[in-house]
Amino acid sequence: MIIFEDVHFAYDQIYPALRGVSLQIDDGESIAVMGTNGAGKTTLIKHMNGLLRPDQGRVIVNGVDAREKSVAELSRTVGLVWQNPDHQLFLDTVEKEIMFGLRNLGYTADEAEERCHRTLTQLGLEHLAERSPFALSGGERKRVALASVLATEPDVLALDEPTIGQDAGQKERLAKMLREMNYEGKTVIVVTHDIEFAVDHFSRTIAMAAGIIIADGPTHDVLSNDLVLEACSLTPPQMTVTARALHQVFPEIPQRLTHLDELEDVILKIVGGEG
Amino acid sequence: MALIEWQDFSFKYLGANTLALKHLNLSIEEGEYVVVTGPSGCGKTTLCRTINGLVPQFHRGYIAGHVIVDSRDTRDHTVAQMASIVGLVFQNPANQLVTLSVEKEIAFGPENLGVPPDEIRRRVEEMIDAFDLHHLRDKHPHEMSGGEQQRVALAATLALKPKILVADEPTSNLDPQSAERILELIAEQNRRGMTVVLVEHRLDIVAKDASRIVLMNEGSVVADGPPHEVLQMDICEEIGVGVPKAVQLYKRLLANGVRLGRVPLTGSELAMLVKEAATG
């Protein structure tokens, strides 16, 4: 469980990025964090593994004040995958890259190798084990960076903009993998601008603007709310646009629908399909 | 003759094992808005690079066939010669920002093309207005966020007043509303006559502006036509292209025996067609 108690943080003590954030994340949740560029989303998740420390307030990870733990200790609990993989990749083969974190956490060479290969297989990256991360495509580098964190098997996985530069098939595979990890009891948190990705795969959404949380609740409630969408520079999910327009003529259709399945059901009722 | 024409064009990067583009035959007419899409590694970025001659002038490799742009064979013209015709916005904007301030960045291209100083000043102000860059005027491009860099890179490219704008995922780092504003600016340039070739995965945000979608897979064009025709083809799902939910729902309704008037590309278009079907 992760708790933020009135957390304030300013870069260089001048530029406020978090202005009093309180939240609770229970084990096994799946959460999307959304908001404009500069809303404080990345700053928020960097507080979860101690990369940033609050100026005021507290972050409590599994019952312990994060102040009492080093980044290395916190990283066993919270694995953070950066937006730009080039900021976290630095070794000359994919295998070494993934082994590095494991060895640092104290795994023996054999254990590390076993975990490394299990993770590469899981992500469909085995064929790249001997390649240099820097000779790979942007999408592949992102998956290697993810593998290097996944291999350490953290309880909480926080990903910063994991869908940028990924095609639909890769996005679908990523979503499936995150869903499976979530079923296994892991907490999954993504920072994303991709509203359809949030709607399809995350049950809770935290919306941020200018360093505060402006809404926090079930995804379909948060992301169908106009005030939230405006404050976060988001455009409504495509199915919500349809639901709202239909609601004007067919008041029985709720405006808050976000899912394809929901829309399919209500439209078939109106136009009377065969199925 | 078409404005851009690939004549049985193939290309393989130096050191690569497979062809990035295979026997490409494609032509784009003046004034079109072509969205190029397909799974990662399908050759979209390479295709962009062939339009301003980066392939084969800068990226070397095996080459067969020709690319003719505005009657010039890109084999015989330098990238600099093509720069007044083709503006290219890269996928990673940091790779193309070279100066110390936003103003200088926008002026850099026109200066190098020998545009008179008065005209350069006019264009810089025009771009700063259009892209809402006033607050960033004196800022170093590398101190800006990814989204801001993307706006500056696009502004600097459009300041060249190119005939053809080629943009490789120009909104990937932007929040949805900023992305929509940029895409609206690009659509506006297209309405004024600029030919646009845009690479994008997120078809739900660009399909409505495009006159045509070119779908690529493994270095070849596998589908080519108006958005509502291409997006309902099963090959989109087969190769992993993100079909807008409005189109997905159209196909599901069809499977249930409900045929809407046409293939919708946006949520509001879908709602309109459902209303027609229910009341008509």
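## Helix α3 of chain A against α5

In this predicted model, V94(A), E97(A), I98(A) and G101(A) of α3(A) meet V144(A), A147(A) and S148(A) of α5(A). Two residues are in contact if their C-beta atoms, placed from the backbone, lie within 7 Å. Helices (H or I, at least four residues) and strands (E, at least two) are DSSP runs, numbered from the N terminus. By class, the contact of α3(A) with α5(A) divides into 4 nonpolar, 2 polar and 1 charged. Ala, Val, Leu, Ile, Met, Phe, Trp, Tyr, Cys and Pro count as nonpolar; Asp, Glu, Lys and Arg count as charged; the others, Gly among them, count as polar.

Two packed helices are described by the angle between their axes and the distance between the axes. Here α3 (residues 94–104) and α5 (residues 138–150) of chain A pack at an angle of about 30°, and their axes are 8 Å apart. Axes are lines fitted to C-alpha atoms, for helices over the stretch in contact, and angles run from 0 to 180 degrees between N-to-C directions. α3(A) and α5(A) are therefore roughly parallel to each other. Angles under 35 degrees count as roughly parallel, over 145 as roughly antiparallel, 65 to 115 as roughly perpendicular and the rest as oblique. The crossing of α3(A) and α5(A) is right-handed. A crossing is right-handed if the near helix is turned clockwise from the far one by less than a right angle, and left-handed if anticlockwise.

## Basis of the model

Residues are numbered from 1 along each chain as its sequence is written, with chains lettered from A and ligands numbered from 1 in the order in which they are written. The model is predicted: local features need pLDDT of at least 70, side-chain atom pairs count only at pLDDT 80 or more, and totals for chains, interfaces and linings use all residues.

## Helix α3 of chain A against α4

α3(A) also packs on α4 (residues 109–122) of chain A; the two axes come within 9 Å and cross at roughly 130°. That makes α3(A) oblique to α4(A). The crossing of this pair is right-handed.

From α3(A) come E95(A), I98(A), M99(A), L102(A) and R103(A); they meet A112(A), E113(A), R115(A), C116(A) and T119(A) of α4(A). The residues of this contact divide into 5 nonpolar, 1 polar and 4 charged. I98(A) takes part in the contact with α4(A) and in the contact with α5(A).

## Chain A overall

Chain A holds 11 helices and 10 strands. Its radius of gyration is 20 Å, close to the 19 Å that the globule rule gives for 275 residues, so chain A is as compact as a globular protein of that length. The radius is taken over C-alpha atoms, and the rule is 2.2 Å times the number of residues to the power 0.38. The C-alpha trace spans about 65 × 45 × 30 Å along its principal axes.

Chain A is divided into domain 1 (2–88 + 154–233) and domain 2 (237–275). These bounds come from an automatic or database domain assignment. The C-alpha centres of the two domains lie 31 Å apart. Contact between them involves 7 residues of domain 1 and 6 residues of domain 2. On the domain 1 side, the elements giving two or more residues are α7 (195–201) and α8 (219–222) of chain A. α7(A) gives the most, with 3 residues. The domain 1 side divides into 3 nonpolar, 2 polar and 2 charged.

## Chain A against chain B

Between the chains, 34 residues of chain A are in contact with 36 residues of chain B. On the chain A side, the elements that give two or more residues are α6 (168–183), α7, α10 (238–249) and α11 (260–271). This side divides into 15 nonpolar, 15 polar and 4 charged.

## Chain B

Chain B has 12 helices and 10 strands. Its radius of gyration is 20 Å, close to the 19 Å that the globule rule gives for 280 residues, so chain B is as compact as a globular protein of that length. Its C-alpha atoms fill a box of roughly 60 × 45 × 35 Å, taken along the principal axes.

α4 (residues 102–112) and α6 (residues 146–158) of chain B have axes that come within 7 Å and cross at roughly 35°. Their crossing is right-handed. V102(B), E105(B), I106(B), F108(B) and G109(B) of α4(B) make the contact with V152(B), A155(B) and A156(B) of α6(B). It has 6 nonpolar, 1 polar and 1 charged residues.

## Backbone exceptions in chain B

Most residues other than glycine have a negative phi, and most peptide bonds are trans. The peptide bond from V55(B) to P56(B) is cis, with omega near 10°. P56(B) sits in helix α2 (residues 54–57) of chain B. D8(B), a residue other than glycine, has a positive phi near 45°. D8(B) lies in strand β1 (residues 4–13) of chain B.
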